[in-house]
Amino acid sequence: LDLDDPTTDPFAVARAAAAQLAEATGVARHDVALVLGSGWGGAADLLGETVAEVPAAQIVGFTAPAVQGHGATIRSIRITGGDGGASGGGDTHALVLGSRTHFYENRGVRRVAHGVRTAAAAGARTVVLTNGCGGLVPEWAPGTPVLISDHLNLTAASPLEGATFVDLTDLYSSRLRTLARTIDPDLPEGVYVQFRGPHYETPAEVRMAGILGGHLVGMSTTLEAIAARHAGLEVLGISLVTNQAAGISPVPLSHAEVLEAGAAAGPRISALLADIVRA
Ligand SMILES: Nc1nc2[nH]c(I)nc2c(=O)[nH]1
């Protein structure tokens, strides 16, 4: 079950990972999955009660994160404060994937897609993809959450292999975006542009992204979203603008300001995310 072996079926690895997670957490099915990017870490605690927390490296296909401690676990959360199971079927469980493999790690697209494939194999019907990113809209101050309405995948890669032709119309579910706006009507929307990274964009590349119709620049999310759609998941994408993209702000932002903005926004966006998932 080695994802690096081309003859391995990545979906068999995802099924094995889901079985290991069910065993490790005691939760047979997870209804929704969340990928928590920079700044979104606090959302898990607000979602409900942590049933189990598993080191990601223990589950097949996941790799120990480059930065130890940062998102090194996968959490199973029983969502509380929802409709109390009025929708029948008892408790709702969320799978929180703290560890994300970025395309720029050069570990292959299969590892980038493994988390959402595992979530689908674990029974999830919905995935919420969050990230930290640069903003092209001056009014979006650092700390602003933005719903992703569509994406431009500038990585020149796909998580899919072979003649896997997948429609990406409404990839970022308009139903879920409407639902999110019932929680916070002021949520802006934007087109997310994934660059390969790990370097940031030049001001000229940021201007190019704007000309192409982008509003947010980042180094994740689009490949995961494509894999999630292929796996049959409904996708909601939310970005946290942690900085103004290169060249947008006349005054170069200090890294301290970026970290401060992300941290300050933490409680608000975590509460927002928890409310959206409960809805
Ligand atoms: N590509 C890109 N990724 C990012 N991630 C974060 I946080 N800020 C940025 C940014 O300005 N550009």
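Predicted model: local features only at pLDDT ≥ 70, side-chain atom pairs only at ≥ 80, totals over all residues.
1. Let's start in the sheet: Leu-34 sits opposite Val-96 of β4.

2. What joins β4 to strand β3? Five bridges do, and here the strands run antiparallel. Strand β3 covers residues 73-79. If you want a residue pair to click on, Arg-78 has His-93 of β4 as its bridge partner.

3. β4 itself, residues 93-97, is mostly covered, and five of its five residues are buried. His-93, Leu-95 and Leu-97 point one way from the strand, while Ala-94 and Val-96 point the other way.

4. On to the ligand. Its surroundings are Gly-132, Cys-133, Gly-134, Tyr-200, Glu-201, Val-217, Gly-218, Met-219, Thr-242 and Asn-243. Of its 330 Å² of accessible area on its own, the protein covers 89%. By residue class, the shell splits into four nonpolar, five polar and one charged.

5. Which strands supply at least two residues each to that shell? They are β5 (126-135), β8 (216-218) and β9 (234-244). The biggest giver is β5, which puts in three residues.

6. Glu-201 has a polar side-chain atom 2.4 Å from a ligand nitrogen. For Asn-243, an N or O atom of the side chain is 2.8 Å from a nitrogen atom of the ligand.

7. Now the charges. Side chains of opposite charge can pair when their charged atoms come close. The count here is 16 salt bridges. Some of these residues go beyond simple pairs: Asp-170, Arg-177, Arg-181 and Glu-189 are linked in a network of salt bridges.

8. Asp-31 and Arg-29 form one of the salt bridges, with their closest N and O atoms 2.2 Å apart. How covered are the two ends? Asp-31 is buried, at 15% relative accessible area, whereas Arg-29 is partly exposed at 43%.

9. Asp-45 pairs with Arg-75, and the closest N and O atoms are 2.6 Å apart.

10. Finally, look at Glu-224 and Arg-100, a salt bridge whose closest N and O atoms are 2.7 Å apart. Why does this pair tie together parts that are 124 residues apart in sequence? Because Glu-224 lies in helix α6 (residues 222-230), while Arg-100 lies in the loop between β4 and α3 (109-121). Glu-224 is buried, at 4% relative accessibility. Arg-100 is buried as well, with a relative accessible area of 15%.

Methods. Residues numbered from 1 in each chain as written. Heavy atoms only, no water. Near = heavy atom within 4 Å. Polar contact = N/O pair within 3.5 Å; in protein donor to acceptor, adjacent residues only side chain to side chain. Areas by Shrake-Rupley, 256 points an atom, 1.4 Å probe, with all protein chains shown as cover. Helix = DSSP H or I, 4+ residues; strand = E, 2+ residues; numbered from the N terminus. Nonpolar A, V, L, I, M, F, W, Y, C, P; charged D, E, K, R; others polar. Buried < 20%, exposed > 50% of the residue type's maximum accessible area, 1.4 Å probe, protein only. Pairing = 2+ DSSP bridges. Salt bridge = Lys/Arg side-chain N within 4 Å of Asp/Glu carboxyl O.
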